[in-house]
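Me: I would like to learn how to read a few features of a model. Please take them one at a time.

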Amino acid sequence: MPDEDSRLPDPPPAGIEQDVTGDSPWIDLTSDHYFMGEALRLALRAYQAEEVPIGCVIVRKGRIIARAFNQVETLKDATAHAEMLAISQAQQVAGDWRLTDCTLYVTKEPCPMCAGAAVHVRFERVVFGAPDPKGGAAGGAMNLLQFPTLNHQCGVTPSIREPECRQLLRSFFQEQRSRRPDPKAGAAPEPPREREIS
């Protein structure tokens, strides 16, 4: 009978960590799935702050160099989307406005403002979770990331961990709707804060 230690799996290769969820024995710390999970953690922080739950990380050479979540309401700034805040951080870390060797991971398809910024900083690739067919600018309503006449086109990887990203957004907007006063009772409804994902 083999001893207990001989039944344990081999240690993971460098850059791989054991998966505590039990789905697989190892997590690839350089995979799109892993980095989107980090963006989802930030989206949860946005949710807790009563912001639209969108999180973003920027990765360079396999390492996260910037993290952000939506802070539009907190900062009273319409441009304080997760992507915009993370881009500013990444530029500080890189010491350059060009981020050509970086990948942006975001839990919802970027809006036109954020997609335009992604092109301007020249991301190698943009990876997103939940598509936005009504307002997304990475192939949903339009595709600014690969617009042929612009000076740069980003690679696009859609729908990474889409169910988790979509569910977080749906839960947030359902909760927000349940908090709104009933317009029939005389109170004016709150204006929508950002386009909802259907």
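**Reading the model**

Reply: The side chain of Ser31 comes to 3.1 Å from the backbone nitrogen of Tyr34. Bear in mind that this is a predicted model.

Me: Where is Ser31 placed?

Reply: Ser31 sits in the loop between β2 (26-28) and α1 (32-48).

Me: Is Ser31 buried or exposed?

Reply: Buried means under 20% relative accessible area. Ser31 has 18% relative accessibility, so Ser31 counts as buried.

Me: How does Ser159 read on that scale?

Reply: Between the buried limit of 20% and the exposed limit of 50%, a residue is partly exposed. Ser159 has a relative accessible area of 32%, so Ser159 is partly exposed. Ser159 belongs to the loop between β7 (155-157) and α5 (162-179).

Me: What is the phi of Ser159, and what is that of Arg161?

Reply: Ser159 is not a glycine, yet its phi is positive, at about 65°. Arg161, also not a glycine, has a positive phi of about 55°. Arg161 is in the loop between β7 and α5.

Me: What tends to happen to nonpolar side chains?

Reply: In soluble globular proteins they tend to be buried together. Here the largest nonpolar core has 47 residues, and Ile58, Ile87, Leu104, Phe123 and Leu145 have the most contacts inside it. Elements giving two or more residues to this core include α1, β3 (55-60), α3 (82-94) and β5 (102-108). The largest share, 8 residues, comes from α1.

Me: Which residues does Ile87 touch?

Reply: Leaving out residues up to four places away in sequence, Ile87 touches Ile58, Leu99, Leu104, Ala117, Ala118, Val121 and Phe123.

Technical notes
Residues are numbered from 1 along each chain as its sequence is written. This is a predicted model: local features need pLDDT of at least 70, side-chain atom pairs count only at pLDDT 80 or more; totals for chains, interfaces and linings use all residues. Side-chain values use heavy atoms; hydrogens and water are left out. Helices (H or I, at least four residues) and strands (E, at least two) are DSSP runs, numbered from the N terminus. Buried means under 20% relative accessible area, exposed over 50%, partly exposed in between (1.4 Å probe, protein chains only). A polar contact is a pair of N or O atoms within 3.5 Å; within protein, one must be able to donate a hydrogen and the other to accept it, and residues adjacent in sequence count only if both atoms are side-chain atoms. A nonpolar core is a set of buried Ala, Val, Leu, Ile, Met, Phe, Trp, Tyr and Cys residues joined through side-chain atoms within 4.5 Å. Contact means heavy atoms within 4.5 Å.
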